[in-house]
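I opened my notebook to work through one chain step by step. I wanted to write down what I looked up, together with the cut-off behind each term.

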Amino acid sequence: MNVMATLIDSLDAPPAGNERPRHPEKQSREDSPVLRKPDWIRVKAPVSKGYSETRAIVRSKNLHTVCEEAACPNIGECWQKKHATLMIMGDTCTRACAFCNVKTGLPAPLDADEPRHVAEAVAEMGLHHVVITSVDRDDLSDGGADHFAQVVSAIRAHTPETTVEILTPDFLRKKGAAEIVIDSKPDVFNHNLETVPRLYLSIRPGARYFHSLRLLEKVKERDPLMFTKSGLMVGLGESREEVMQVMDDMRSAGVDFITIGQYLQPTRKHAAVDRFVHPDEFKAYESMARAKGFLMVSASPLTRSSHHAGEDFAKLKAARAARAGV
Ligand code: SF4
């Protein structure tokens, strides 16, 4: 699953009864140490009326959200405004990344009604901008590319004024899949590099850094006007120089928008937090990224790929227009 990882205060709640563990492949791992979170990571409990309404819409359409599945720390704030990031193609991922809280295992077949349900939910939530992500579906011959494209088309047909941002898997070893998704014409194509190449083997073992980078480059080659976006988690043991190199790689691939947020450990079986990066260091990363030519930068401890995505999309368009002198 390709989303920046998240928080928890309730580490390792054991499955009730005979329920299957969420991450069976991690059960035999040693527990990782858990660092106490600094003050700048604290978030409010999700209790608002808007939160309950968003939850009701998601449940009534039988949909999944990465906000819940990844235990995102921003859920209280986002759902109050009905900004949920819908996660398509089920709640079970075929990868087993060391940072991600999404359930792993063999997924159920695709739900043919899902594109319609997603489009209806977007309309009910009244979204001007929606972010759609998915689990990795290595079990499908096209990695779920056609289903992704159907979801984008259904939203376009139902609410043509809504702008669509997709946060995709890497479609590794799925020839022609990326092209299907690009040709569905989302407004923003996001694919997270997640971490620096040195840490891929331990943090994102099923993925390949240069394949992910190439995917982003391919989007720009096929549709130069499509906005591209990518994210990094920090606090996993990367150095400043490595982060700067990833920024350069992204710029070489034409990425417009970079997001950088603090990695938070979902359970004791997931990768440990190496350190909590101070907010001032995020500001320094933001300055570096702007100097390297990104149109948009979001760098803060609680930055996530989809956080404030609607407002940021408006800024992204304005930044492109300003640079073009329009
Ligand atoms: S930041 Fe993204 S994943 Fe987290 S709650 Fe907001 S919309 Fe959901």
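**Ground rules.** I noted that residues are numbered from 1 along each chain as its sequence is written. I also noted that this is a predicted model, in which local features need pLDDT of at least 70, side-chain atom pairs count only at pLDDT 80 or more, and totals for chains, interfaces and linings use all residues.

**The sheet.** I looked up the strands and helices, which are DSSP runs numbered from the N terminus (helices are H or I, at least four residues; strands are E, at least two). I found an open sheet of eight strands with mixed pairing, in the order S1-S2-S3-S4-S5-S6-S7-S8. Strand S1 (64-65) and S8 stand at the edges, and because each has a single partner strand, one side of each is left without a neighbour in the sheet. For pairing I used the rule that DSSP must find at least two bridges between two strands. By that rule S2 and S3 pair in the parallel sense over three bridges, and Ile88 has Ser134 in S3 as its bridge partner.

**S6, S7 and S8.** I then followed the chain into strand S7 (residues 257-262), which pairs with S8 in the parallel sense over four bridges. S6 and S7 also run parallel, joined by six bridges, and Ser230 stands opposite Ile258 in S7. On the S8 side, I saw Thr259 opposite Ser298, while Ile260 has Ala299 as its bridge partner.

I checked burial next, where a residue is buried if 20 or more other C-beta atoms lie within 10 Å of its own, exposed if 12 or fewer, and partly exposed in between, with C-beta atoms placed from the backbone. S7 is mostly covered, since six of its six residues are buried. Phe257, Thr259 and Gly261 point one way from S7, and Ile258, Ile260 and Gln262 point the other way. From S7 the chain crosses through helix H10 (residues 279-291) to S8 in a right-handed β-α-β crossover, where right-handed means that, with the strands pointing away from the viewer, the path from the first strand over the helix to the second runs clockwise. S6, H9 and S7 likewise make a right-handed β-α-β unit.

**Helix H8.** Which residues of H8 are buried? I listed Tyr209, Ser212, Leu213, Leu215, Leu216 and Val219. Seen down the axis of H8, these buried residues fall within an arc of 150° (taken from the directions from the helix axis to the C-beta atoms), so they line one face of the helix. On the other side of H8, Phe210, His211 and Glu221 are exposed. What covers the buried residues includes, among others, helix H6 (177-182), strand S5 (188-190) and helix H9 (240-252).

**Helix H5.** Helix H5 (residues 145-158) has 14 residues and reaches 20 Å from its first C-alpha to its last, close to the 20 Å expected, where the expected span is 1.5 Å times one less than the number of residues. Its buried residues include Ala145, His147, Phe148 and Ile155, and the buried residues of H5 pack against strand S2 (86-88), helix H4 (114-125), strand S3 (129-134), strand S4 (163-167) and H6.

**Two single residues.** Met89 lies in the loop between S2 and H4 and counts as buried because it has 25 C-beta neighbours inside 10 Å. I looked up its contacts (C-beta atoms, placed from the backbone, within 7 Å). Leaving out residues up to four places away in sequence, Met89 touches Leu110, Ser134, Val135, Arg137, Gly144 and His147. The C-alpha atoms of Met89 and Ser134 are separated by 6.1 Å, although these residues are 45 residues apart along the chain.

Phe189 is found in strand S5, and it counts as buried because it has 29 C-beta neighbours inside 10 Å. Beyond residues up to four places away in sequence, Phe189 touches Ile166, Ile182, Val219, Met226 and Thr228.

Conventions
Two residues are in contact if their C-beta atoms, placed from the backbone, lie within 7 Å.
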